[in-house]
Amino acid sequence: MPAEHFGGKYSPDPASRGPGSPPVNAFRNRRAERPDWRSTLLFYVPLPLLFSGLGELQRGNAIGILGEFGALALLLLSAWLLRDGLKAQAAYAARKVARAPAIPRKIFASTLAGLGVAIAAWLGWDQGLPTSVVLGLVAATAHTSTFGIDPLSKKGLPGLDEFEADRVARAVDQGEAYLSQTLDAAKRIADRALQARVERMCAAAREVFRAVEADPRDLTRARKFLSVYLMGARDATVKFADIYARSRNAEARVAYESLLDDLEKSFNTQRETLLIEDRTDLDIEVEVLRERLQQEGVLAR
């Protein structure tokens, strides 16, 4: 019985790489998200307020209903903001050049947690206003001391002025958004081997991000290429996911795999071109990639 090759998201797939394409670790430049059980616990801690609120509802106590359900809503919103704030902080820490999160989610989460406890104590537990305020302040302080606050300043390389740091951060933010949309579309394909290919392609894209962050002077040369590549990759993946989910069309799969090979090679070439500072080769790569995307029916805007 002949040996059978099995591939998958966590399996190496040398045959799927194009000739001359170097292996790319899909997890390079990505940090594992470590689940914080404390932040997850905050979604469950306020649930007793739901049952006490139902009791107030049966008794027809309008003030008690407002206190219990209002506090529950604020505490759940606080937990949700905290989870997003921790993710934004992790992304900030992973980058060499980054802007502070636009919304200080962790600070808002601490404020809402304190407000929720104060309202629950005042309207739901019949505590006096001074006692409720003290309990709210204690809750907010404990929340802040446990989870900290959001990054409040921009992060850049030494010697990089604020304007250049902001330009690089905006460009990488936009690039990461395109990659996130591409990966979301790849999940709809429901094929682990193809998802692994897309993840490897996105890893190659992040290599270019790191090259630009290391030398922001490359941003001007890389911006046009990044726009063509990332938008084209996203649009091609969305289009293929729609087709493949309906028909499992084998020809569409072959064409998409070929496109993935070309896109990954182009990004690897882009990174090498940035390192050797050859603008002519870069412009050629942009035009070749644009023609390749147009052949697949994806018009890069």
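Asp-84 is found in helix H3, where helices are DSSP runs of H or I with at least four residues, numbered from the N terminus. With a relative accessible area of 22%, Asp-84 is partly exposed, a class that lies between buried, under 20%, and exposed, over 50% (1.4 Å probe, protein chains only). Asp-84 and Lys-106 stand 22 residues apart in sequence, while their C-alpha atoms are 8.2 Å apart in space. The model is predicted, so local features need pLDDT of at least 70 and side-chain atom pairs count only at pLDDT 80 or more, whereas totals for chains, interfaces and linings use all residues. Residues are numbered from 1 along each chain as its sequence is written, and side-chain values use heavy atoms, with hydrogens and water left out.

Helix H3, residues 62-94, also holds Glu-68. Glu-68 is buried yet has no salt bridge, and the nearest side chain of opposite charge, Arg-59, is 6.7 Å away; a salt bridge would require a side-chain nitrogen of Lys or Arg within 4 Å of a carboxyl oxygen of Asp or Glu. Leaving aside residues up to four places away in sequence, Glu-68 touches Leu-49, Ser-52, Gly-53, Glu-56, Gly-124 and Trp-125, contact meaning heavy atoms within 4.5 Å.

On the surface, a nonpolar patch includes Trp-37, Leu-41, Tyr-44 and Phe-51, and its residues together have about 930 Å² of accessible area. Such a patch is made of residues with over 30% relative accessible area and no salt bridge, nonpolar side chains (Val, Leu, Ile, Met, Phe, Trp, Tyr) being joined within 5 Å. Helix H2 gives the most to this patch, with 4 residues. Phe-51 lies in helix H2, and it counts as exposed because its relative accessibility is 59%.

Terms used. Patches are made of residues with over 30% relative accessible area and no salt bridge: like charges are joined within 9 Å, nonpolar side chains (Val, Leu, Ile, Met, Phe, Trp, Tyr) within 5 Å. Accessible areas come from the Shrake-Rupley method with a 1.4 Å probe; for residues, only the protein chains shown count as cover. Helices (H or I, at least four residues) and strands (E, at least two) are DSSP runs, numbered from the N terminus. Lys and Arg count as positive and Asp and Glu as negative; His and the chain ends are not counted.
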